[in-house]
Amino acid sequence: MTALPLSTAAPVPIGSPPRPSAAPLSRDPGPAEDARAIVREAGQHVSIILALPQGTQREVLRSLLPALLDQVKPDVRVRILCTRHTYDRRLPHTNGGDGGGAEVRLARLDPIEAVMADGRTALANLRAETGSQIFTTQEVLPVQALHTLFNSIWKRSVPLSARPDFGDRRRTRLVAEILGMLRVGATDEVAARALSISVRTYRRHVADIMERLDARSRFEAGLLAAELDMLPPPAERD
Amino acid sequence: MADPVTTDPLETGTRQAAAFQRLDTELLVAAATALADQATSSVNVTIPSDRRGLSEFGPALHAMAKTVRPDVEFRVLFPSRAFDGEVLRRLTTERANVAVRIAESPLQGVVMADFRSALLWSPIALKGGSVALFDKSAEIGALGSLFLGAWGSAIPLTEFLKRRELVRHEDQRQVLGHLRDGHTDRVAAQKMGISYRTYRRRVAEILEGLGAESRFQAGVRASELGLLSPLEDAQ
């Protein structure tokens, strides 16, 4: 068997040497143009992460987003992961290529912006101690690793469109209180007393919440409320 | 030299592929060990999804578990489809403090030391050169950032095992389905061909297993454990 060059503990470069990472996708080396090219050339899916805090001069993609999404070919699926801080109400209504609009989900993310196409090319923009670091890469391994991690976060995050809107603030607060009661497993009688309403009224509210969640049972209401991240944090016990 | 790797039976006529596999795995183990040895604060690993991936990546995982210093955080993210009780049992005997979480979607093989250097591996991405070592800070920064996101949304091993226990039997899964679909206990019992009392007992067992006092709470716990994912994509 071939002798392996592994006498030292230092890492050895293995396989084909990595291609230069900043392989420019166009003659214009600017990140904005790179991002446009990535999106323009996508044939199947575009995955975008917006998680750099608002107002930082380092953010590139968010201000660019409308222009980026205009470049998406028809039938290309567009998914956007954002955080509570970077979420913008206009996001779900942006053009998503297939006419259905981009799918937007909320997740907890480290500060980063990225755009990926077809698991083949990626641009990432992250906050570093030494200012921002932006790179574009077509190297198979890092792009695929980024892509699978994106999918993993996506799968466990909340679709924004599924979260019902309860209208005015007073009602939203009542709904939150009721969900809190349900969350701690309070009986209807106890919950109604705590909220100073009749058991009947309480049950009517619960039925209304279930209807808006499109839940067929209280079990499913709990399932959906948790998936949609609508529940207050678990109350302290003891 | 003894074959340290392949447990999967190789198809006939793939001797060359077998040589490749061995070579890759040996290099992989050596490179992963060297990387793990450098780490001073954390080693973060994602396990590739396919069966062949685990059989080749497994030796590297075990080698790292023995190499990483005890005070260095060792996190392993497993895709659920590659879940392997035997590998995990070995892992926890090799090393006392190892954090394992389960992700629900496929992953690629990644090892990151201190989020400063990384090893990327895929059995299919490239031919003959499917391992790459990196010390480019920007790319590792991006990988690290997404790793932490995926880690944060993944299910801790203990929860995952609990959930497997809870849905081990077909009738447990059926009861969960009836609870979700809002069938009355009588209707559900009838559909399952069991008595009302037996059905109620099954529900009570599931609630107890989930640590829930009400059916709403049981739904919340089921979501946390990923037992039923109503919002999952078609993908």
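Colleague: Among contacts in chain B between residues at least 6 apart in sequence, what share join residues at least 24 apart?

Modeller: The model is a predicted one. In chain B, 66% of the contacts between residues at least 6 apart in sequence join residues at least 24 apart. The secondary structure of that chain comes to 9 helices and 7 strands. Of its 235 residues, 54% are buried.

Colleague: Where is B:Arg221, and why does B:Arg221 count as buried?

Modeller: B:Arg221 sits in helix α9 of chain B, which covers residues 215-224. It counts as buried because its relative accessibility is 16%, and the limit for that class is under 20%. With neighbours within four places in sequence left aside, B:Arg221 is in contact with B:Glu159, B:Lys162 and B:Leu210.

Colleague: Next, cores. Which residues have the most contacts inside the largest nonpolar core?

Modeller: A nonpolar core is a set of buried nonpolar residues joined through side-chain atoms. Here the largest has 37 residues, and A:Ile49, B:Leu77 and B:Leu146 have the most contacts inside it. Elements of both chains give two or more residues to this core: β4 (112-117), β5 (121-128) and α3 (140-155) of chain A, and β4 (109-113), β5 (117-121) and α4 (137-153) of chain B. Another core, of 35 residues, lies apart from it, and B:Ala32, B:Phe57, B:Ala60 and B:Leu119 are among its members.

Colleague: What is A:Ile49 in contact with?

Modeller: Leaving aside neighbours within four places in sequence, the contacts of A:Ile49 include A:Leu61, A:Leu81, A:Phe150 and, in chain B, B:Leu146. As for B:Leu146 and B:Ala39, they are 107 residues apart in sequence, and their C-alpha atoms are 19 Å apart in space.

Colleague: How many cavities of 30 Å³ or more does a search of the whole structure find?

Modeller: The search finds 1. The largest cavity has a volume of about 40 Å³. Its lining consists of A:Arg171, A:Leu174, A:Val175, A:Ile178, A:His205, A:Asp208 and A:Ile209. Helices α4 (169-183) and α6 (199-213) of chain A each give two or more residues to that lining. The largest share, 4 residues, comes from α4(A). By kind, the lining divides into 4 nonpolar, 1 polar and 2 charged residues.

Colleague: What feature does UniProt place at residues 176-225 of chain A?

Modeller: The UniProt record, an unreviewed entry, gives "domain: HTH luxR-type" for residues 176-225 of chain A. In the model that span is 76% helix and 0% strand, and its end C-alpha atoms lie 10 Å apart.

Colleague: Last, backbone angles. Which value does phi take in A:Asp75?

Modeller: Phi of A:Asp75 is near 70°, which is positive in a residue other than glycine. A:Asp75 lies in the loop between α2 (61-70) and β2 (77-82) of chain A. With a relative accessible area of 66%, A:Asp75 is exposed. A:Ser196 also has a positive phi, near 55°. Its place is the loop between α5 (188-194) and α6 of chain A. A:Ser196 is exposed because its relative accessible area is 64%.

Definitions and conventions. Residues are numbered from 1 along each chain as its sequence is written. Chains are lettered from A and ligands numbered from 1 in the order in which they are written. This is a predicted model: local features need pLDDT of at least 70, side-chain atom pairs count only at pLDDT 80 or more; totals for chains, interfaces and linings use all residues. Side-chain values use heavy atoms; hydrogens and water are left out. Buried means under 20% relative accessible area, exposed over 50%, partly exposed in between (1.4 Å probe, protein chains only). Contact means heavy atoms within 4.5 Å. A nonpolar core is a set of buried Ala, Val, Leu, Ile, Met, Phe, Trp, Tyr and Cys residues joined through side-chain atoms within 4.5 Å. On a 1 Å grid over the protein atoms alone, a cavity is a set of points where a 1.4 Å probe fits but cannot get out, and a pocket is an open set with protein on both sides within 12 Å along at least five of seven lines; lining residues have an atom within 4 Å of a point. Grid points are joined across faces, edges and corners, and a volume is the space filled by probe spheres set on the points. Ala, Val, Leu, Ile, Met, Phe, Trp, Tyr, Cys and Pro count as nonpolar, Asp, Glu, Lys and Arg as charged, and the others, Gly among them, as polar. UniProt positions are given in the numbering used here, feature names are shortened, and annotations may be inferred rather than shown by experiment.
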